[in-house]
Amino acid sequence: MAVVLGIETSCDETGVGIVSDGRLLGAALASSMEEHARFGGVVPEIAARAHLESLVPCVRAAFQQAGIGPSEIDAVAVTSGPGLATALQTGLAAAKAYALAWDRPLYGVHHLAGHVAADTLENGPLPSRSVALIVSGGHTSLLLLGDLARDPVVHLGDTRDDAAGEAFDKVARLLGLAYPGGPAVAEAARDGDPGAVVFPRAMLGAGYDFSFSGLKSAVARHVERAGSTLAVPDVAASFQEAVADVLTRKAVEACLAHGVDTLVIVGGVAANRRLRDLAAERCRTAGLTLRIPPPSLCTDNGAMIAAVGDLLVASGAPPSSRHLAADPSAPLNRAHL
Ligand code: KG4
Ligand code: ZN
């Protein structure tokens with residue numbers, strides 16, 4: 001059984017994970033999130049410098065938790081795209097150095113395939129066919145999946161403008177809430193009425209593409225009109241409801257239309273309680289099996305990249321070239337880059 005070390009540095013989290021045969025043996029995570037907070041978004045150079053400082057300590061911590069050493073690693077997997085160029089390059093350089101020093105194969109991994117694979121660490125191997133809803137800070141896609149390590153990924157729909165997480169982050173800013181916006185909006189929404197404001201549900205009945213920029217503009221208009229009477233919890237809850245409603249409706253429709261009985265929801269926004277609850281309710285009604293990793297595996301981490309590496313090694317995939325380059329806008333066609 002292969003033991004795979006995974007490294008993730010595409011954004012502001014430095015993640016390292018060690019996975020073998022679909023099981024997480026050890027992991028460590030460092031975040032530069034607080035350093036970006038006052039800028040209201042991730043500053044690439046700050047993120048890259050933080051990765052540089054955190055990488056080796058995270059690798060050591062993951063080894064310690066796993067109770068193994070470098071000689072027991074059979075392969076190194078790394079996010080080579082998509083993400084922030086300088087941030088990706090830091091992780092890629094580290095992964096190449098480890099692979100070279102330990103004389104082990106290197107596997108470049110697509111970040112979003114990593115989000116999907118995170119679920120297998122909690123819920124076991126994926127069925128032969130599934131629909132995945134990926135909702136992160138940079139991406140929102142509905143995908144038809146076969147074997148993640150072998151088959152091409154089929155895009156059923158994507159966002160035409162903002163990603164779901166990006167909408168949370170922008171709406172948080174409109175409401176004067178902290179960065180990152182997702183957890184802040186979810187927290188504010190706890191005391192709000194989701195039916196207080198009826199925000200638009202864009203593109204319902206128009207296939208599987210998404211659009212969130214109109215929703216963001218509707219929130220901006222509401223905030224401007226409300227002025228000092230703005231009820232932040234109500235707006236947060238109503239916005240969150242609109243996002244969860246559209247995402248879950250389209251995801252369930254996609255499963256039924258393609259005769260797939262399993263829906264997987266992954267990515268940072270999958271940590272959202274309301275999205276999880278509404279998805280559970282609608283999947284139950286539709287007779288679908290719902291899989292969502294625990295919140296700690298929804299947001300960026302290294303275990304998810306090791307999980308893809310583990311699947312690739314098990315499928316006999318050839319390693320990536322040692323000349324593997326970071327691809328900041330890598331399209332999701334395959335898990336292996
Ligand atoms: O997958 P992720 O950690 O990083 C990317 O690959 O983008 O996703 C981060 C996104 C951010 O936009 C963040 O605001 C959002 O996930 N997020 C949430 C929650 N936790 C994180 N959105 C809604 N509710 C949450 N609880
Ligand atoms: Zn991510």
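I started with the helices around ligand 1. I found that α4 (111-123), α5 (164-174) and α6 (181-189) each supply at least two residues of its shell. I note here that the model is predicted.

Next I looked up the residues themselves. The shell has 18 residues, and Gly137, Asp169, Gly182, Gly268 and Asn272 come nearest to ligand 1. I sorted the shell by class and got 12 polar, four nonpolar and two charged residues.

I went on to polar contacts. The side chain of Asp169 has an N or O atom 2.8 Å from an oxygen atom of ligand 1. A polar backbone atom of Gly165 is 3.1 Å from an oxygen atom of the ligand. For Asn272, a polar side-chain atom lies 3.0 Å from a nitrogen atom of ligand 1.

Last, I checked the backbone. I found a cis peptide bond from Gly81 to Pro82, with omega near -10 degrees; Pro82 is in the loop between β4 (75-81) and α3 (85-102). Tyr179 and Pro180 are also joined by a cis bond, with omega about -5 degrees, and Pro180 is in the loop between α5 and α6. Asp103, in the loop between α3 and β5 (106-110), is not a glycine but has a positive phi, near 55 degrees.

Conventions: Residues numbered from 1 in each chain as written. Chains lettered and ligands numbered in written order. Predicted model: local features only at pLDDT ≥ 70, side-chain atom pairs only at ≥ 80, totals over all residues. Heavy atoms only, no water. Near = heavy atom within 4 Å. Polar contact = N/O pair within 3.5 Å; in protein donor to acceptor, adjacent residues only side chain to side chain. Helix = DSSP H or I, 4+ residues; strand = E, 2+ residues; numbered from the N terminus. Nonpolar A, V, L, I, M, F, W, Y, C, P; charged D, E, K, R; others polar.
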